[in-house]
Amino acid sequence: MSALGTTFVLAILTAAVLNAAVLCNGGVTSSFVRKVEKTVDMPLDSDVFKVPPGYNAPQQVHITQGDHVGKAVIVSWVTVEEPGSNTVLYWAEKSAHKNKAKGSLTRYKFYNYTSGFIHHCTIRNLEHETKYYYEVGIGNTTRTFWFTTPPEVGPDVPYTFGLIGDLGQSYDSNRTLTHYEHNPIKGQAVLFVGDLSYADNYPNHDNVRWDTWARFVERNVAYQPWIWTAGNHEIDFAPEIGETKPFKPYTHRYRVPFKASGSTAPFWYSIKRASAYIIVLSSYSAYGKYTPQYNWLEAELPKVNRSETPWLIVLMHSPWYNSYNYHYMEGETMRVMYEPWFVEYKVDLVFAGHVHAYERSERVSNVAYNIVNGICTPVNDQSAPVYITIGDGGNIEGLATIMTEPQPKYSAFREASFGHATLDIKNRTHAYYSWHRNQDGFAVKADTVWFFNRFWRQIDDSTT
Ligand SMILES: [Fe+2]
């Protein structure tokens, strides 16, 4: 090597060392390394996909919140042989009186697939904090489930959410759901951050896999509401087979109470539940200035009364702060549009999926950058949310394992394992958050943090 070449190599090495010294102040990359195993979908004849017995038996039963405050529930189910009944019978645990609610029926075709009869029924005017039984079906093939309504909305109402994303229907997906079900922290409702069935990974987006997914998760979602976010695997845009209407299977199968929050589409909406105000956004609908989603969010954020619902939580699919090399910066354009609002309104937590791994950020923002001023590095910002990527449900596409090195400063903790999380809100100021990897026992917490509410913290700070 020439002298010039040696100098050049030395210069590069020095730069690399300096770079590492400057940048390597990040958080923790977990030392736990999951065994590399292929993620495989459960076969169609798996127990978890079993069709319930009986002629025209209701299947794929699922519930979600049906209004803005938690006094309504949307019950959905599918019948296959014939339409059957649209009616849901329901009664409070301690009541002998059975009420009836009438739903509606829909079907759709997707290429060479025709769906079963999809029923949606909203039950309204429920009492808060009450266990209800509900019955779907008709004649000899009825099925009964139950749910508990949330307490009345209020600032100090404790409530526990589960967090699941990118679930799919692999053996790992089943492990994730089982771990959530057995977690002693006991989630009362799931905040689901998008990518449900992964049916679109099959030839012609084989919609049979939408049916199997719904039968698989019924054991949980028939008993507690899952709050839905649309991911890229819900788009099902397939012009090559003549399917050009985005979100067709998803919108036929999953209903959300978007009108109750003044939204004009089911992809962005909000609900209140206990002490939380949850805003669901769509990474795959237009979000630029003047778009319906932009206008809705701009009007929505000032409506959040933190004295009533101190915990402001946003769900979206594509993360803004992500230090894996999968989907790196895919959330960037939405971040540019909305991050100043999140800081201004002191959003507490942002949950996203999409990246098939786990990551928790520091409280950071990157709102100062204006193209020419060079201030393009995220900075610590106590008004900013914590960003959590929880796309580790365990779908067929497998884990995201390659990370940006060194770990950027904005990343507090990251690990490439499948799992789920829980957010246990204690009162207006404190919430206990934990992440649970599937390899551990049900009670083991692999990442934990106490969150202090952004709004009430600000008040505390200003009074001390
Ligand atoms: Fe995704």
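UniProt lists residues 160-358 as "domain: Calcineurin-like phosphoesterase" in an unreviewed entry; its positions are given in the numbering used here, feature names are shortened, and annotations may be inferred rather than shown by experiment. The model is predicted, so that local features need pLDDT of at least 70 and side-chain atom pairs count only at pLDDT 80 or more, whereas totals for chains, interfaces and linings use all residues. Residues are numbered from 1 along each chain as its sequence is written, and side-chain values use heavy atoms, with hydrogens and water left out.

An open sheet of four strands has the order β2-β3-β9-β6, and its pairing is antiparallel. The edge strands are β2 and β6 (104-106), each of which pairs on one side only. From one strand to the next, the twist averages 20°; axes are lines fitted to C-alpha atoms, for helices over the stretch in contact, and angles run from 0 to 180 degrees between N-to-C directions. Two strands are taken to pair if DSSP finds at least two bridges between them. In general, strands of a sheet pair through backbone hydrogen bonds, either parallel or antiparallel.

The pairings can be followed across the sheet. Strand β2 (residues 59-65) is joined to β3 by five bridges, and the two run antiparallel; T64 stands opposite I74 in β3. Seven bridges connect β3 with strand β9 (residues 117-123), again in the antiparallel sense, and S76 stands opposite H120 in β9. Three bridges link β6 and β9, also antiparallel, with I118 in β9 as the bridge partner of T106.

Strand β3 (residues 73-79) is mostly covered, since seven of its seven residues are buried, where buried means under 20% relative accessible area, exposed over 50%, and partly exposed in between (1.4 Å probe, protein chains only). In a regular strand the side chains alternate between the two faces of the sheet. Both faces of β3 are covered: V73, V75, W77 and T79 are buried on one side, and I74, S76 and V78 on the other.

The structure holds 16 salt bridges, a salt bridge being a side-chain nitrogen of Lys or Arg within 4 Å of a carboxyl oxygen of Asp or Glu. One of these joins R335 to E339, with the closest N and O atoms 2.5 Å apart. Both residues lie in helix α6 (residues 332-344), four residues apart, or about one turn of the helix. R335 counts as buried because its relative accessibility is 5%, and E339 counts as buried because its value is 1%. E332, R335 and E339 are linked in a network of salt bridges.

Between E405 and R414, the closest N and O atoms are 3.3 Å apart. E405 has a relative accessibility of 57% and therefore counts as exposed, whereas R414, at 0%, counts as buried. In the salt bridge between D424 and K426, the closest N and O atoms are 2.9 Å apart. With a relative accessible area of 13%, D424 is buried, while K426, at 36%, is partly exposed.
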